[in-house]
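Please read them alongside the sequence and the coordinates.

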Amino acid sequence: MNAASLPVPGPIRPRRLRATPALRRLVAETRLDAASLILPLFVKEGLSQPKPVASMPGVVQHTLASLEQAVREAARAGIGGVMLFGVPAMRDATGSQADAPDGILQRAIALSRAAVADEVAVGAVTTGPVVMADTCLDEFTDHGHCGVLDAGGRVDNDATLARYASMAVAQARAGAEVLGPSGMMDGQVAAIRAALDAAGFSDVVLLAYAAKYASAFFGPFREAVDSTLKGDRRTYQMDPANGREGLREADLDIAEGADIVMVKPAGPYLDVLAAVAARSPVPVAAYQVSGEYALIEAAAANGWIDRKAAILESLLGIRRAGADLILTYWAAEVTSWLG
């Protein structure tokens, strides 16, 4: 049979692969799985019971006891990691509780590692979530900034690096497996890596908040950590107008020794996320932040959108853009949907 006698193809019909749920599942290009999700958890010193965060329905400030239960549930669900944030009872100008051996975050780290180890020991799970800690001062300073201030009230980049280094070593000693430098100080990854290596913690992983924008979508988070911030963080967090700068920041963090780089927020910055993922030699994470969570929850509560469908679509969009890991407050619930 020669080419001239071949039948003329009919219309190209991509819809054939969309005809049934089974076909759609079979050819899906992007998939969610529990192991790629990280659950942020807040623990507040001095609470007698968990305290709901009003702007984030379903999210609470944990006591140490309720935190332990949340970590155990995350382990049983197969979630990839938990990211811990501490809210201390006492704050000061230098955030002294951030690196105190008995500080709330260090206690939370140790408790979480013990809870995961116990779940593995009793055979409830084969491996637990990786225990991660936020390495930043904003929860611990009385002025609410991510670093120490100079005499003029500006964040002192290099003085802050010394505080981050001390905080990182304290978190590693408490048992953190991954640290999340999130303050957007120049040179923070290099300073923390050097401090960890010198203290014998060369195996601790750095998940660098590489492209973190000065975003309006952080608002509910500030309630979750009882933020005392006055003003803004625009002198050190990134301008939302800038995309190329995000790539530069990620490149710098990788050069300084970051093991994972992150874009935060996720949804409004999918272009930056995709560009970072396209060039990064290390895994890429994205943080679906508190404002993204609150928007969907509020719209769903008013009956304006299908809650479950919107949550899954938002996460698939982040994954499709290139995120290997996603920090999301829905991690536990979504995992239950994935079966």
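1. In which loop is Asn302 found? Asn302 lies in the loop between helix 9 (290–301) and helix 10 (307–320), where helices (H or I, at least four residues) and strands (E, at least two) are DSSP runs numbered from the N terminus. With a relative accessible area of 48%, Asn302 is partly exposed; buried means under 20% relative accessible area, exposed over 50%, and partly exposed in between, with a 1.4 Å probe and protein chains only. Asn302 and Leu137 are separated by 165 residues in sequence and by 36 Å in space, C-alpha to C-alpha.

2. A word on the basis of these comments. This is a predicted model, in which local features need pLDDT of at least 70 and side-chain atom pairs count only at pLDDT 80 or more, while totals for chains, interfaces and linings use all residues. Residues are numbered from 1 along each chain as its sequence is written, and side-chain values use heavy atoms, with hydrogens and water left out.

3. Strand 5 (residues 130–135) has five of its six residues buried, so it is largely enclosed by the rest of the structure. Four bridges join strand 5 to strand 4 (residues 81–87), and the two run parallel; two strands pair if DSSP finds at least two bridges between them. Strand 5 also pairs with strand 6 in the parallel sense, over four bridges. Ala133 of strand 5 stands opposite Leu84, and the bridge partner of Ala133 in strand 6 is Leu179.

4. Strand 6 (178–181) is covered on both faces, with Val178 and Gly180 buried on one side and Leu179 and Pro181 buried on the other. In a regular strand the side chains alternate between the two faces of the sheet.

5. The axes of helix 7 (residues 244–256) and helix 8 (residues 270–279) come within 9 Å and cross at roughly 40 degrees, which makes helix 7 oblique to helix 8. Axes are lines fitted to C-alpha atoms, for helices over the stretch in contact, and angles run from 0 to 180 degrees between N-to-C directions; angles under 35 degrees count as roughly parallel, over 145 as roughly antiparallel, 65 to 115 as roughly perpendicular and the rest as oblique. Gly246, Leu247, Ala250 and Asp251 of helix 7 make the contact (heavy atoms within 4.5 Å) with Val272, Ala275, Val276 and Arg279 of helix 8.

6. Helix 10 and helix 11 (residues 331–338) pack at an angle of about 100 degrees with their axes 11 Å apart, and are therefore roughly perpendicular to each other. On the helix 10 side, Arg307, Lys308, Ile311, Leu312 and Leu315 meet Glu333, Val334 and Trp337 of helix 11.

7. Some backbone values deserve a check, since most residues other than glycine have a negative phi, and most peptide bonds are trans. Met184, in the loop between strand 6 and helix 5 (188–198), has a positive phi near 60 degrees and counts as buried at 7% relative accessibility. Asp226, in the loop between helix 6 (219–224) and helix 7, has a positive phi of about 50 degrees and counts as partly exposed at 23%. The peptide bond from Lys264 to Pro265 is cis, with omega near -5 degrees, and Pro265 sits in the loop between strand 8 (260–264) and helix 8.
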